[in-house]
Structures are given as C-alpha cells and as structure tokens.
Amino acid sequence: MNKILTHIREGRTNSLMLFAVYFVINFLFLTKYGIRQSAVPLSILVVAFAALHVSIFFLRKNQWVKRMLSIKLVYFLTGSFTVLYIILCHILKDPYQMNIDRWQTMNFSVEYWIHGKYIYDARNFMGNLSSYLPGQLLLALPAYLLGNVGYLQVAAFLLFSYVILLEFKSNLIRFTAIFLLGISLAYIYEAVCKSDFISSFIFAAAFILFWHSRFKENYFQKPVLLGICLGILCLTRSVAVIPLIIFLLKPFWVTKTTNKIKVASAFLLTVGVLLFTVFFPAKNLGYIVQYNPLTLQGQSNKLVMFIFLVASIFSSFYVRKISDVFYFSAYLVFFTMLSFVVEKYLLFGFGFQNNLFSTTYLAACLPFSIIAYCFSVQREVEGI
C-alpha cells in the first residue's frame, strides 16, 4: 500500500491527473452551457479552451515565466478577478426568467434563519426545498447583510488567494493557483447564479491550509477554536467532512487527552447550538424527521458515503505532508461526487444536457485539485 501511495505522491503522472480532474470539470461546463449559445461555435470554444489549458500545464515549470512573474503581478491578478467576480454577482437582472433558483433559496434561507422561521419546509419559486446546513448559513450571513448573497463567492475567492499567498513562496505557483480558480468556468457559473456550492469546499480547503501554516508544529495549540471551526465547516456540506477527516484524524488520534476533550467539546457544542437554531422553530420532532437538511442534502446513498468515509479515515493515517491531505482529498471528493452523479443518472436517466444533471457536484473537488496540483508542481520544481 505504501508503494502505491508513494507513487501517487511522487509519480510524474500526479500533476497530470490532478490537472486532468480540473480540466474535465470545467470542460463539462463548457460543453453543457456552450452549446446553448449561438454567438461562438462550440468547436471554436473547445479548441480555445484546450489550447489555453495545455499552455498552462506545459508552462508550469518554465523558468522564463517564473522570472517574469512578480508579487505585484500576483496582486494585480487577484484584484482583477475580485472586480470581475463582483461584476458577475450583478450580471443577472432577472434570474426568475433564467429558471435559476439557488440565489433565492440562499436568500430566503438566511432570512428565515435570522427571523426564527423554519427553513426546510419552505419552497422556492421553482418548487424546490432548501437544504442549507446552518454552518453555510452562518458563512453566507455577511453577504446577505451586504444585500447580495453572490458576494460569498467573492469572499471565498479572496480567502483562497490569501491562503495560496500564505503557503506558496513561488510567484509562478501563486499566479497559477489564483488564475486557475479565476478562469474556472464552474466557479464563474457559481458566481453568475449566486450559488454557494463550491465556496463551501473553498472554505474547508482554505481552513486546512491556513491552520497548517499557522500551527504546523502542533495543530492543537488552540483546541477550543479548532473545535468551533470544525463544527461550522462540518455543517456546510456533508461531503466537506472528508478532507477534514483526512487532515485531522491522525493528529487527533495521537494528541493528548485534554486536547481531545477540548476539541470534541467545542465541536459538539458548536454543532448543537447551530442545529438548535434551525430546528427550534419546527412544529414537532416528526416534522424535523420529515423536513431536515441531512435528508435533503444527502449526496449519494448511505452505503457509498460510508465507503468513502472509511476511505478518508484510512487515508488519514497515510498522510506524511500537508500535500498528501490535498492529494487524497482531491481524488476522494471527486469520486464521491462522481458516484452521486452516476447514481442520479442510473435512477432518473438524466442526460448530460438536462438541467437536472448534477454537473456542479463534480466541482466540489475544484479547490482541492488546484491546491494539490500546485503542491505537485512544487515537488517537481524542487526535484529539478
């Protein structure tokens, strides 16, 4: 097993596989939505898309490009994409006509939450129920108070850029990571639709990278704060627990008992308080059983989720470096969501171009694949 994992970490194909995951996710968005417009032929879009990404991949170690890129250019890139994403948050003037309900679901979910109303039995204008967990509502609250829930994507992008600058010292790698997220068609789609799906995983990835950079000698220097953060992040999306398990299970296992008690207590208290805020307005316990976010949000069936949770637990004990956390997370989150998409296809027969085909779910691994790719490139560069 160690030989297999060593090959994954150090094999020359690792960068290619991680970049392929990123490429495939965004290529699916290009073909799905590119065919719905008539301004530019899809064939031209595909050629341009492929040429751009092939160039990015083969320039990953180019020494001339490395010398040309400065920290000022990285800051300029970050600022430019930030402005772009703010604009994208306002691009849809009448989302009702576009049959896009994500922004409205987030909007009324946060509104109901702060006014003490039960969220999970209310339907949006398309007849769909809300499945937002309270951790995600908490993270979206500042954007809601600013008057546009789409600002959550801007905040997630800035947070991603910050942790990239914190972790990586090469301006080429910094530029590459921020550029890859900035041009990601999956993330652009999220910003235009004012969705929050990918941002949930950006927050998880950013937390892992920040916590490692800040407390790399001992992850349990601030156990109470750690428990609170984990409680919030685990109540964003159910699949977000996979990278968190890979990151912290092994260190948690070996830390001293007092740290375990403090982390577990803070975690359980945070989860309990947040769940209380969304379930308290319910009519009765039976109503909660019928309408609750875990049932509505559940990705894949219980057996599949159990298998991937076991895989994440198993992977945690083979983590040697922070890069391993992102390697394992990128692949496991991708295959978890792929199993969900395949399951929906087999059950309901949704074609690729169908609006109900869950292309977005595959993008859950996007931040992990980008960061893992950058770690892989860094290893290649240091090995030269």
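**Note on the cavity and the aromatic pairs**

1. Phe 19 and Tyr 373 are both buried. The model is a predicted one. The two rings have centres 5.2 Å apart and planes at 50°, so they form a tilted pair. Phe 19 belongs to helix H2 (residues 13–34) and Tyr 373 to helix H20, so the pair ties together parts 354 residues apart in sequence.

2. Helix H20 takes part in another ring pair, Phe 326 with Phe 368. Here the centres lie 6.1 Å apart and the planes meet at 35°, so this pair is tilted. Phe 326 lies in helix H18 (residues 322–348) and Phe 368 in helix H20, so parts 42 residues apart in sequence are tied together. Phe 326 counts as buried because its relative accessibility is 0%. Phe 368 is buried, with a relative accessible area of 0%.

3. How many cavities of 30 Å³ or more does the whole structure hold? The search finds one. The volume of the largest cavity is about 40 Å³.

4. Aromatic pairs in the structure number 32. Ring pairs join Phe 81, Tyr 85, Phe 157, Phe 175, Phe 179 and Tyr 187 into a cluster.

5. The charged end of Lys 117 sits over the ring of Tyr 112, 5.3 Å from the ring centre.

Conventions: Residues numbered from 1 in each chain as written. Predicted model: local features only at pLDDT ≥ 70, side-chain atom pairs only at ≥ 80, totals over all residues. Heavy atoms only, no water. 1 Å grid on protein atoms, 1.4 Å probe; cavity = no way out; pocket = protein on both sides within 12 Å on 5 of 7 lines; lining within 4 Å. Points joined across faces, edges and corners; volume = space filled by probe spheres on them. Phe/Tyr/Trp six-rings, centres within 6.5 Å; stacked < 30°, edge-to-face > 60°. Helix = DSSP H or I, 4+ residues; strand = E, 2+ residues; numbered from the N terminus. Buried < 20%, exposed > 50% of the residue type's maximum accessible area, 1.4 Å probe, protein only. Lys NZ or Arg CZ within 6 Å of the ring centre and 35° of its normal.
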